[in-house]
Amino acid sequence: MPPLPKPTVPDGYRKSFTTKYSRQSVRTCELTLDTRETDALQSVRVVTMARRSEVPLKEAPDGGWGWMIVISCFLVTVCTRAVSRCLSIFFVEFQNYFAQDYAMTAWIHSTVDCTTMLFGCGYALAYSPAIAIVGKYFSNKKAMAYGLAMSGSGIGTFILAPVVQLLIEEYTWRGALLILGGLVANICVCGALLRPLVLAEDLSSSTVGNAAEECNYEVSHEDPQLSFHSVDPTSFEKKKDKKQLCNCCPSHKEYAFLLTPDFLVFALSLLFMAYGCSTPFVHLVPYAVSAGVSQQQAAFLMSILGIVDIVGNISFGWLTDRRWLKKYRKYCYILTIGLDGASSLFIPILRSFPLLVPYAVLYGYFDGAYVALIPVVTSDIVGNAFLSSALGIVYFIHGIPYLIGPPIAGWLVDTTGSYTAAFLVSGLSMIFSSTLVISIDWIKKCRNSANIQTTVEESDPSIIAFQTASDNQI
């Protein structure tokens with residue numbers, strides 16, 4: 001029996017499906033269909049291939065809606081970090097009401113900070129995303145934007161510290177916490193301001209590959225001469241469900257920076273830095289009260305620390321965005337952490353309100369400076385493409401020392417009978433953290449030189465011949 005002639009395809013049965021996965025490229029999948037396949041194809045549901053509704057940008061806009069993002073992040077830091085800092089004003093109230101020692105009472109504050117940084121619950125659901133999205137909207141003005149956004153913790157502390165003390169005196173600590181809870185509920189408004197932004201660098205090859213793979217539809221046909229293969233519609237649905245499940249899980253490529261030595265050293269330095277900075281915010285008010293300072297003056301120390309924190313946020317954010325200082329912002333970060341730790345070493349001789357005011361000024365300024373530089377330095381180490389994932393890890397690392405730091409300091413107070421050991425350990429921990437960051441550049445230089453040597457050895461045949469001859473002699 002002679003073979004059947006190859007059927008012709010009318011123009012009316014030529015269909016195209018289009019997928020857009022970036023501004024620059026549009027891929028069209030065309031399927032040539034025979035008239036006998038029309039009924040079969042009607043039972044297969046065609047899925048549109050628009051992977052992203054947002055138009056990707058080549059670079060961050062450095063303005064526009066980005067300033068609304070900064071305002072949103074500013075309010076989030078007020079509702080999270082500022083409120084968390086003001087919990088130290090409740091320290092004496094908690095200690096008297098529950099009749100516990102310093103170590104046990106410190107667990108209240110440390111648990112709040114820990115859950116914010118360590119888990120995906122509570123403040124963490126607002127704090128980390130708000131900070132990460134600022135880096136998406138800004139590039140050249142990134143340090144300035146982060147300085148303004150992170151200054152919310154300082155401004156909030158300055159305003160809330162005396163207000164919280166008045167609320168405690170008027171409504172007791174229970175009523176004060178209830179009012180603070182109503183303030184924190186405004187985080188929902190801040191979340192409504194966050195708009196996702198898609199940059200060209202976010203469109204990885206895996207995303208493009210998935211879009212192209214979904215565009216490759218196959219159609220069933222009985223004639224072996226045609227290039228159609230049999231496909232079950234149910235298998236198509238299973239394949240789609242599997243892809244959706246995979247998209248929900250983070251790719252290992254998003255966390256490839258975890259294996260780099262410079263980030264590992266940076267993460268280790270964050271452990272010591274977070275331990276050191278957690279002690280003053282928890283124990284400054286009770287230390288001042290134990291030194292004979294009144295309760296309102298002790299609360300005012302937190303206000304001073306908060307207002308100077310703003311100056312550190314904004315000034316260092318502006319300075320490190322200058323062209324002549326931009327390449328040295330990692331060293332600015334090292335300097336601020338070291339000076340912040342050094343200021344805590346003088347606590348044992350500060351036994352009055354006039355002497356504690358300079359400490360609050362210095363500590364607040366350098367604290368605001370390095371807090372604004374943490375996202376910037378993280379971006380310099382891992383790159384802007386990994387900033388969101390890296391910030392999540394960075395703040396996750398903060399959670400462990402935030403949990404154990406204040407109770408350890410409280411245990412030192414209970415054991416020694418004074419705050420001297422607690423503040424000395426805090427200051428030395430921050431100084432050691434700054435020395436670890438210094439070694440990052442040395443590690444990076446050693447790694448680059450090793451990579452260059454390996455590349456030369458693999459590409460130079462004379463070196464390979466020399467090594468082979470040496471091996472044969474042995």
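**Close-up views of a predicted model**

**View 1. Ile400, a partly exposed residue.** With a relative accessibility of 43%, Ile400 counts as partly exposed (buried is under 20% relative accessible area, exposed is over 50%, and partly exposed lies in between, using a 1.4 Å probe and protein chains only). You'll find Ile400 in helix α16 (helices are DSSP runs of H or I with at least four residues, numbered from the N terminus). This is a predicted model, where local features need pLDDT of at least 70, side-chain atom pairs count only at pLDDT 80 or more, and totals for chains, interfaces and linings use all residues. Residues are numbered from 1 along each chain as its sequence is written, and side-chain values use heavy atoms, leaving out hydrogens and water.

**View 2. Thr77 in helix α2.** Helix α2 covers residues 66-85 and holds Thr77. Leaving aside residues up to four places away in sequence, Thr77 touches Ala82, Tyr127, Ala149, Met150, Gly152 and Ser153 (contact means heavy atoms within 4.5 Å).

**View 3. Helices α6 and α12.** The axes of α6 (residues 142-150) and α12 (residues 295-319) come within 7 Å and cross at roughly 175 degrees (axes are lines fitted to C-alpha atoms, for helices over the stretch in contact, with angles from 0 to 180 degrees between N-to-C directions). That makes α6 roughly antiparallel to α12, a label for angles over 145 degrees. On the α6 side, Ala143, Met144, Gly147, Leu148 and Met150 meet Asn313, Ile314, Gly317 and Trp318 of α12.

Terms used:
Helix = DSSP H or I, 4+ residues; strand = E, 2+ residues; numbered from the N terminus. Parallel < 35°, antiparallel > 145°, perpendicular 65-115°, else oblique.
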